[in-house]
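This briefing is for a reader new to the structure. Look over the sequence and the model first, then read the points below.

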Amino acid sequence: MVVVFRVLARSVTHNCLKKSKPNQQSLSLTTSFTSNPHTWPFQSLRTLILESAASESVKLNRLSDPDSGIVEVKLERPGAKNAIGRDMLRGLQQTFDAIEKDHSAKVVMICSSVPKVFCAGADLKERRIMDPSEVHFFVKSLRLTFSFLEALRVPSIAVIEGAALGGGLEMALSCDLRICGEDAVLGLPETGLAIIPGAGGTQRLPRLVGKAIAKELIYTGRKICGRDAMSMGLVNYCVPAGEAHIKALEIARDINQKGPIAIRMAKRAINEGLEIDMASALTLEEECYEQILNTKDRLEGLAAFAEKRKPSFCFSLFHGLSSSLPRFVSRELQSPNTTGHEIHFAFGVLSSIWR
């Protein structure tokens with residue numbers, strides 16, 4: 001299998017170089033990637049954006065006992081209402097990569113440190129000075145980043161207070177669960193700017209609320225309140241304004257007490273199963289169940305039940321978390337327009353899943 005993906009990487013890289021003229025820095029990355037296949041499993045998504053400096057817009061906070069295992073990703077760009085620019089995108093990539101590599105992480109909460117706003121979407125001031133190729137690269141990078149978020153092995157919860165618009169809502173849609181306050185404002189207003197949601201919104205929104213409602217929201221760019229989002233199934237809970245974090249932490253604590261391997265396998269079975277036919281999905285469920293049969297956590301769960309006590313899961317590690325290439329990576333790698341930077345990113349995703 002490894003040989004197959006090395007060949008795939010070389011093929012995609014060849015198409016990239018033939019179809020476009022990358023700058024010298026991009027070419028250097030691509031050449032070093034394909035010329036040293038033994039190093040590719042250790043590439044991280046940070047290579048997607050070349051700057052390596054830490055972002056000031058995204059902070060990672062690991063909670064301590066008794067909440068050890070819960071990780072908070074905090075958006076901190078108050079001057080721009082958490083609009084996603086290059087620095088925040090880089091910060092999100094670095095943060096999600098760190099979480100995927102952290103075996104102690106069991107559940108992730110994405111929240112805002114800025115009052116009355118979750119994320120206002122893309123930074124349109126930056127966008128105005130980008131040429132079309134830069135816009136294409138940025139949007140594709142954002143789409144891949146949100147796909148990485150969606151594919152994290154641990155559950156993710158979006159904590160929405162205030163505005164979640166455009167790319168901000170697309171980030172929330174990439175999470176497993178969404179909790180909002182009553183004063184939340186959610187929407188995909190891109191058509192008002194003569195564009196479409198380009199970071200997964202046209203695909204994830206209809207999968208949550210249905211095709212007809214998604215079309216109406218995207219065609220009109222209509223913004224909805226927290227209660228309406230709750231009624232149409234866009235969010236899991238709508239709570240009084242200012243209490244979304246409390247509710248999200250309550251759910252995170254509940255998840256954190258469950259068997260971590262079982263949670264990861266449940267996420268994989270649900271996410272991948274919805275993309276295939278029922279017979280194949282049931283086979284996938286069987287494969288996921290087999291992964292937990294020989295774990296210490298399963299035996300501890302049975303013993304705790306018999307002894308009428310709270311289980312103490314040790315999170316016994318194992319390999320084989322995924323036996324198939326995720327669909328979003330497959331699609332991106334097979335595109336003739338995929339750049340060398342994005343090949344690095346995609347294989348960073350694969351290495352995280354195969355670890």
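Which residue just after helix 8 takes a positive phi? Glycine 221 does, with a phi of about 70°. The model is predicted, so local features need pLDDT of at least 70 and side-chain atom pairs count only at pLDDT 80 or more, while totals for chains, interfaces and linings use all residues. Residues are numbered from 1 along each chain as its sequence is written, and side-chain values use heavy atoms, with hydrogens and water left out.

**Overall make-up**

- The protein chain has 15 helices and 10 strands; helices (H or I, at least four residues) and strands (E, at least two) are DSSP runs, numbered from the N terminus.
- Of the 355 residues of the protein chain, 49% count as buried. Buried means under 20% relative accessible area, exposed over 50%, and partly exposed in between, with a 1.4 Å probe and protein chains only.
- Among contacts in the protein chain with a separation of 6 or more, 72% come from residues 24 or more positions apart; contact means heavy atoms within 4.5 Å.

- Helix 8 covers residues 211-220, and its buried residues include Ala214, Leu217 and Ile218.
- These three lie on the same side of helix 8 because they cover an arc of only 95° around the axis. The arc is that of the directions from the helix axis to the C-beta atoms.
- An α-helix has 3.6 residues a turn, so residues three or four places apart point the same way.
- Ala212, Tyr219 and Thr220 are exposed on the other side of helix 8.
- Helix 7 (201-209) and strand 9 (224-225) are among the elements that cover the buried residues of helix 8.

**Strand 3 and its partners**

- Strand 2 (residues 70-75) pairs with strand 3 in the parallel sense over 6 bridges; two strands pair if DSSP finds at least two bridges between them.
- From strand 2 the chain passes through helix 3 (residues 86-101) to strand 3, a β-α-β crossover that is right-handed. A crossover is right-handed if, with the strands pointing away from the viewer, the path from the first strand over the helix to the second runs clockwise.
- Strand 3 also runs parallel to strand 5 (residues 156-160), joined to strand 5 by 3 bridges.
- Valine 108 of strand 3 is the bridge partner of valine 71, and valine 108 also stands opposite serine 156 in strand 5.

**Backbone details in loops**

- Aspartate 65 and proline 66 are joined by a cis peptide bond, with omega about 10°. Proline 66 is in the loop between strand 1 (58-62) and strand 2.
- Asparagine 82, a residue other than glycine, has a positive phi near 60°. Asparagine 82 belongs to the loop between strand 2 and helix 3, and is buried at a relative accessible area of 0%.
- Lysine 116 is not a glycine either, yet has a positive phi of about 65°. Lysine 116 sits in the loop between strand 3 and strand 4 (117-119), and is exposed at a relative accessible area of 72%.

**Rings and charges**

- The charged end of lysine 247 sits over the ring of tyrosine 237, 4.3 Å from its centre. A charge sits over a ring if NZ of Lys or CZ of Arg is within 6 Å of the ring centre and within 35 degrees of the ring normal.
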